[in-house]
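Here's a walk through one protein chain, from its overall build down to a few annotated spots. Have a look at the model first, then read on.

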Amino acid sequence: MLRNVSVTKNFPEAEVTEHLRSVFLNKEVLAAVGLQEAELRFQKLLTCLSHPPSYTCVRASTHLAPLEDIRLRLVEELKKQKWISSAEQPSVHVSPHPRITDVLLLPVDGPRPVEQLSSEVVVGAQCGSAVLRGAHVFAPGIIASPKYMKAGDMVSVFSDLEGRCTRGATSFQGNKVFVGNGVAEMDRSAIFATETPARGVGVQMVDPLYQSPSFDGVLPSLVFLQNLPSVVVGHVLAPRPGEWILDMCAAPGGKTCHIAALMGDKGEVVALDRIQNKINRIRQNAQMLSLQSIRAYCFNSTQAVSDEPKQEAEGPPFPPESFDRVLLDAPCSGLGQRPNMASTWSLKEICSYPPLQRKLFQAAVRLLKKGGVLVYSTCTVTLAENEEQVAWALNTFPCLTLQPQEPHIGAEGMLGAGLSPEQLRLLQRFSPELSWDQIETTAPLPFRADRDTIGFFIAKFLKT
Ligand SMILES: C[S@@+](CC[C@H](N)C(=O)[O-])C[C@H]1O[C@@H](n2cnc3c(N)ncnc32)[C@H](O)[C@@H]1O
């Protein structure tokens, strides 16, 4: 083992683990690699999902400044952070990705040997996952704290894996995972005040299990935290200046902003999402990154095609064959997220996604011009939401053909959906389990970055 592996993902719902196991041990996989190898891959998947990737990926705003300038400014900013100058962390390494021209990579140090303290703060699983990726604990994420906790106390932070801890509790004995030590920034009474719920940092992480810089307020217009496969999506879509692009499920707008940046902010990116609050996030992000070409609307994208003649209003719904390119970054079960300790979903919830994805896909195909490009992506690992959707799409829409992707830095598609070897080669599946114990954590970042990602899937189609 090249990593100090201490946690293995366990889905609280045993039927979810069993379901995933049947996906990863499907007949086609068993015939190709055998039971032992398939079982091993599945166990590695569960292990690596419970750990964050060994680096942080940021997308640089190369529409505003050259990559090298942004890199140097980032190094300067991060040098100012306390952890950087501590004895353990001698220097800041920010490396460009060897192939992706707007990506910077920073190593994550961990898991580190951190001693647990007697004072315990319990946070929600989502907050715990964010801490494992370099965040501090924000007050709303805190569920339990010692009875007499005062600002300035040193505390150990635990993530409540199953959402069982009661808000305001003083201790918790349930299923929890240690994520590091920090200094309380507030008294307990301020955190659990009923009249004005506390905001801001509740615990400053000074000794986290995984150490990486905090990007809070760091060069907000020049660097954007984004997983590597998500950045790949924008490049695979390959938008050109002047085009009309639709991002059907856009919030909070990471990919929307990337698309607009790749177009040099010339043309228009229509960003739809069905949740109003999230539309505000898209607008804030666009503003922060100085992007003018984004129009965001709150709309259910399954209804985004109109057969009526176009009204005067410029927003959705749109006539068929309107867009040069469409991105469907679909709502999904999110099982590829790392570290993924928050999944308390039932099998029924996980299985609810494919029908919604198909409705969105149908609208996407109708809205795309002939000769246009459609990119479908998810951050999950199931066949039903990925390769099986591709097989369904190719059968349902004879006008679609699979296209090669550039860059293609992930693995090929997974066996099990009846796709041919040629079709699988055109798909891009980021499968961290395939190289989990094969890459030295000391290997140079650019070598391990492409393999040590979240679980993710990308398919690119042309409408002929
Ligand atoms: C995977 S997230 C999108 C992430 C986004 N593309 C990014 O890169 O920042 C999926 C989004 O789909 C939205 N969504 C779900 N159902 C939708 C629908 N019927 N129409 C539009 N948006 C939908 C969700 O609100 C969620 O924000």
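## Starting at a lysine

Let's begin with lysine 255, which is found in helix 8. Helices here are DSSP runs of H or I with at least four residues, strands are runs of E with at least two, and both are numbered from the N terminus. A word on the source: this is a predicted model, where local features need pLDDT of at least 70, side-chain atom pairs count only at pLDDT 80 or more, and totals for chains, interfaces and linings use all residues. Residues are numbered from 1 along each chain as its sequence is written.

Is lysine 255 buried or exposed? Lysine 255 is buried, since 24 other C-beta atoms lie within 10 Å. (Buried means 20 or more other C-beta atoms within 10 Å of the residue's own, exposed means 12 or fewer, and partly exposed is in between; C-beta atoms are placed from the backbone.) Setting aside neighbours within four places in sequence, lysine 255 is in contact with Ser230, Val233, Gly234, Asp247, Leu327 and Asp329. Contact means that the two C-beta atoms, placed from the backbone, lie within 7 Å.

## The annotated binding site

Lys255 is one of the residues under the UniProt annotation "binding site", from an unreviewed entry; the others listed are Cys249, Ala250, Ala251, Pro252, Gly253, Gly254, Asp273 and Asp329. These residues span 81 residues in sequence, yet no two of their C-alpha atoms are more than 12.8 Å apart, so they gather at one spot. UniProt positions are given in the numbering used here, feature names are shortened, and annotations may be inferred rather than shown by experiment.

Proline 252 from that list sits in the loop between strand 11 (244–247) and helix 8 (254–262). Proline 252 is partly exposed, with 16 other C-beta atoms within 10 Å. Beyond its neighbours within four places in sequence, proline 252 is in contact with Lys278, Arg281, Ile282 and Asn285.

## The annotated active site

The UniProt annotation "active site", again from an unreviewed entry, covers Cys379. Where does cysteine 379 have its place? Look in the loop between strand 15 (368–378) and helix 12 (387–396).

Cysteine 379 counts as buried, with 23 C-beta neighbours inside 10 Å. Leaving out neighbours within four places in sequence, its contacts are Cys332, Gly334, Gly336, Gln337, Ile454, Gly455 and Phe456.

Now for an open sheet of six strands, with the order 5-9-8-7-4-6 and mixed pairing. Strand 5 (137–138) and strand 6 (142–144) stand at the edges with a single partner strand each, so one side of each is left without a neighbour in the sheet. Helix 5 (residues 125–132) packs on the sheet and touches strand 4 (120–124), strand 5, strand 7 (154–160), strand 8 and strand 9. The direction of helix 5 makes about 105° with that of strand 4; axes are lines fitted to C-alpha atoms, for helices over the stretch in contact, and angles run from 0 to 180 degrees between N-to-C directions.

Strand 8 (residues 176–184) and strand 9 (residues 201–208) pair antiparallel over five bridges. (Two strands pair if DSSP finds at least two bridges between them.) Glycine 182 stands opposite methionine 205 in strand 9, and asparagine 181 stands opposite aspartate 207 in strand 9. Strand 5 is joined to strand 9 by two bridges, also antiparallel, with valine 137 opposite valine 203 in strand 9.

## An enclosed strand

Six of the six residues of strand 1 (residues 55–60) are buried, so strand 1 is largely enclosed by the rest of the structure. Both of its faces are covered: Tyr55, Cys57 and Arg59 lie on one side, Thr56, Val58 and Ala60 on the other, all buried. In a regular strand, side chains alternate between the two faces of the sheet.

Strand 1 runs antiparallel to strand 3 (residues 103–107), joined by five bridges, and threonine 56 stands opposite leucine 106 in strand 3. Strand 1 also pairs in the antiparallel sense with strand 10 (residues 223–225), over three bridges, and there valine 58 stands opposite leucine 225.

## The chain as a whole

The chain has 14 helices and 18 strands. Of its 464 residues, 48% count as buried. Among contacts between residues at least 6 apart in sequence, 75% join residues at least 24 apart.
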